[in-house]
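Have the viewer open as you read.

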Amino acid sequence: MATAYYSQPAAANYHSPSSSHHKERGYRVCDTCGAAETPATGRFRLCGGCMATQYCSQDCQKADWASHKAVCQHTASTLSAAKQQTVSGIAEENIAKYLRKFTSSFQDLLSWAGFQALQLRRCPANIRQQALLIELDFHNSSDPMRRFTIKGTHIVPKTYVTGSDPLVAAEMERRDERSRRAGGIGSVLIIIQCGAINQVMPVEVDSPAKISWDERGDWAEVLNQFVHSGRTDFKPISTTARGIVYG
Ligand SMILES: [Zn+2]
Ligand SMILES: [Zn+2]
């Protein structure tokens, strides 16, 4: 029986960066208003219930509570149940924590891989039915960036997680709608799995016309290489009138 940890990744939500200011690497986005964390805003607050969703201010946190409450309590209760379980001698709770760190450190790479794997430039409709499942192996490494390697990647139906978890399904639905209202194509579902633990990562995707990334058939190898070497400096590759742009 797999345990699904819903996690809103630290700002993996991919909005078109405004041309007037440069997008910071690993930036966080307020889950209510979409503001990006910058040195000027100070650090965003994490929801104390689920430790997964972040807000720019107390006002935004309050405004979101009615819609966030259900998934928040769900995440908190799966986390507390995980205290009893172990994976290779490590408490599931800690694996879940490492997975969250992994997802947030590699968010640009993972979002890009999801976009490529589902071929969203050519077939944006794939976002409705398919999800990218990334299976990981755990290594008890002292280097936090090298605790996981890629065991395999698979395209699975979205129902892989939403079918058994109505709360996560409702949360995905909410993000799909929000993305479409903003002119996007919906929310791509990326599932990060280690043993029996799932981490769910929804990434709201802009209209492909606004995304300049090249289509890459070698995304799985690129993903593997960056994760294997613990490199968190991935930037999508795009070809523009100015030539090939890395990042
Ligand atoms: Zn906000
Ligand atoms: Zn919460």
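Where is Gln119 found? Gln119 sits in the loop between α3 and α4 (126-129).

## Ground rules

This is a predicted model, where local features need pLDDT of at least 70, side-chain atom pairs count only at pLDDT 80 or more, and totals for chains, interfaces and linings use all residues. Residues are numbered from 1 along each chain as its sequence is written, while chains are lettered from A and ligands numbered from 1 in the order in which they are written.

## The chain overall

The chain has seven helices and eleven strands (DSSP runs numbered from the N terminus: H or I of at least four residues for helices, E of at least two for strands). Of its 247 residues, 39% are buried. Buried takes 20 or more other C-beta atoms within 10 Å of a residue's own, exposed is 12 or fewer, and partly exposed is in between, with C-beta atoms placed from the backbone.

## Back to that loop

Gln119 isn't a glycine, yet has a positive phi of about 50 degrees. Most residues other than glycine have a negative phi. With 15 other C-beta atoms within 10 Å, Gln119 counts as partly exposed.

Thr75 and Val168 are 93 residues apart in sequence but 9.7 Å apart in space, C-alpha to C-alpha.

## Two helices side by side

Helix α3 (residues 107-117) and helix α7 (residues 219-228) have axes that come within 10 Å and cross at roughly 165 degrees (axes are lines fitted to C-alpha atoms over the stretch in contact, with angles from 0 to 180 degrees between N-to-C directions). That makes α3 roughly antiparallel to α7, a label for angles over 145 degrees.

Leu109, Ala113, Gln116 and Ala117 of α3 make the contact with Trp219, Leu223 and Phe226 of α7; contact here means C-beta atoms, placed from the backbone, within 7 Å.

## The cores

The largest nonpolar core has 41 residues, and Leu99, Leu109, Leu132, Val188, Ile190, Ile191 and Ile192 are those with the most contacts inside it. A core here is a set of buried Ala, Val, Leu, Ile, Met, Phe, Trp, Tyr and Cys residues joined through C-beta atoms within 7 Å. Elements supplying at least two residues each include α3, β8 (186-194) and α7.

Apart from this core lies another, of five residues, among them Cys30, Phe44, Tyr55 and Cys56.

How values were computed: Angles under 35 degrees count as roughly parallel, over 145 as roughly antiparallel, 65 to 115 as roughly perpendicular and the rest as oblique. Two residues are in contact if their C-beta atoms, placed from the backbone, lie within 7 Å.
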